[in-house]
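Please study the structure before reading each solution.

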Amino acid sequence: MSTTTAVNLSHSLGLWDAQVSRKVLVALTGVILFGFVLVHMLGNLQIFLPPAADGSYAIDHYGELLHSKPFLLWVARIVLLSAVLLHLFFSIQLWWESRAARPVRYRKKDNFHSSYASRTMIWSGPIIGSFVIYHLLHFTTGKVHPSFRFLSVHHNVVAGFQQPLASAFYILANILLAVHLYHGLWSMFQSVGLNHPRYDFILKNFARLFAILIGIVNVSIPVAVLTGIIQ
Ligand code: HEM
């Protein structure tokens with residue numbers, strides 16, 4: 001092997017290594033975000049519980065509990081924000097590199113082979129990002145809420161979703177989130193080397209099932225408010 005070939009090979013291997021580490025980082029930060037979405041969804045399910053005898057709501061107590069430990073709340077927020085930023089930065093970088101490395105743009109024929117979920121990743125991400133910013137202004141700071149009351153989670157959610165436009169945005173964003181989670185989970189299994197022709201079917205369906213579950217539960221909340229099931 002000539003010196004130039006060896007240098008080229010080690011350069012390519014270095015780039016490949018860096019790309020693999022970044023894919024693993026996108027996967028790991030994705031796990032943190034996925035874990036948050038799952039736990040948040042489980043907590044939000046309490047909105048379906050009827051009020052206690054004293055008229056108080058379980059979800060309001062849950063909100064009080066989360067806010068009763070400001071230090072832990074801020075640690076969780078910082079971890080979450082760092083995960084979001086790293087996830088965004090490296091996934092955009094990887095997407096950009098793979099786009100630049102393509103000699104000719106994908107033709108329709110190639111598009112047919114890449115799944116709908118994978119093709120929507122790059123634009124569903126920014127829509128989900130805008131949703132999260134809107135969501136924080138809606139339910140955390142109350143800046144865009146019609147009648148925000150600090151720690152009255154039940155009231156905030158019901159009054160917030162009684163506005164059809166806000167509910168419509170939540171529904172759209174959560175459908176996109178489900179598609180994003182499906183492809184994200186499946187890519188994560190591949191990035192960390194869990195995929196194998198023998199188990200791919202199981203892993204793909206696991207990702208599909210989880211994404212659908214999260215999508216259905218999240219969409220059911222604005223739908224339940226709009227239809228008067230939650231009042
Ligand atoms: C219909 C579905 C959802 C409902 C009803 C909902 C409800 C809420 C409520 C009421 C809060 C404020 C909690 C409090 O401060 O007491 C909150 C905070 C938050 N939600 Fe959601 N959420 C939903 C979906 C999502 C999704 C899909 C994401 C992420 C993709 C998300 C991310 C967050 C974040 C980051 C916070 C701020 C936590 C904090 O730092 O205080 N939520 N959500």
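The exercises below treat ring pairs in this predicted model.

**Exercise 1.** Classify the pair formed by the rings of Phe-34 and Phe-210.

Solution. A search of the whole structure finds twelve aromatic pairs. In the pair of Phe-34 and Phe-210, the ring centres are 5.8 Å apart. Centres within 6.5 Å count as a pair. The planes stand at 50 degrees, so the pair is tilted. Phe-34 belongs to helix H1 (residues 3-44) and Phe-210 to helix H8 (residues 200-226). The pair thus links distant parts of the chain, 176 residues apart.

**Exercise 2.** Decide for Phe-34 whether the residue is buried or exposed, and then describe the accessibility of Phe-210.

Solution. Buried means under 20% relative accessible area. Phe-34 has 13% relative accessibility and therefore counts as buried. Phe-210 has a relative accessible area of 22%, so this residue is partly exposed.

**Exercise 3.** Classify the pair of Tyr-134 and Phe-169, and state which helices hold the two residues.

Solution. The centres of the two rings, Tyr-134 and Phe-169, lie 5.5 Å apart, with 65 degrees between the planes. Planes over 60 degrees apart count as edge-to-face, and the pair of Tyr-134 and Phe-169 is of this kind. Tyr-134 lies in helix H5 (residues 116-140) and Phe-169 in helix H7 (residues 164-191), so the pair ties together parts that are 35 residues apart in sequence. Phe-169 is partly exposed, at 26% relative accessible area.

**Exercise 4.** Which residues do ring pairs link into a cluster with Tyr-134 and Phe-169?

Solution. The cluster is made up of Phe-131, Tyr-134, Phe-139, Phe-161, Phe-169 and Tyr-170, linked by ring pairs.

Conventions:
Residues numbered from 1 in each chain as written. Predicted model: local features only at pLDDT ≥ 70, side-chain atom pairs only at ≥ 80, totals over all residues. Heavy atoms only, no water. Phe/Tyr/Trp six-rings, centres within 6.5 Å; stacked < 30°, edge-to-face > 60°. Helix = DSSP H or I, 4+ residues; strand = E, 2+ residues; numbered from the N terminus. Buried < 20%, exposed > 50% of the residue type's maximum accessible area, 1.4 Å probe, protein only.
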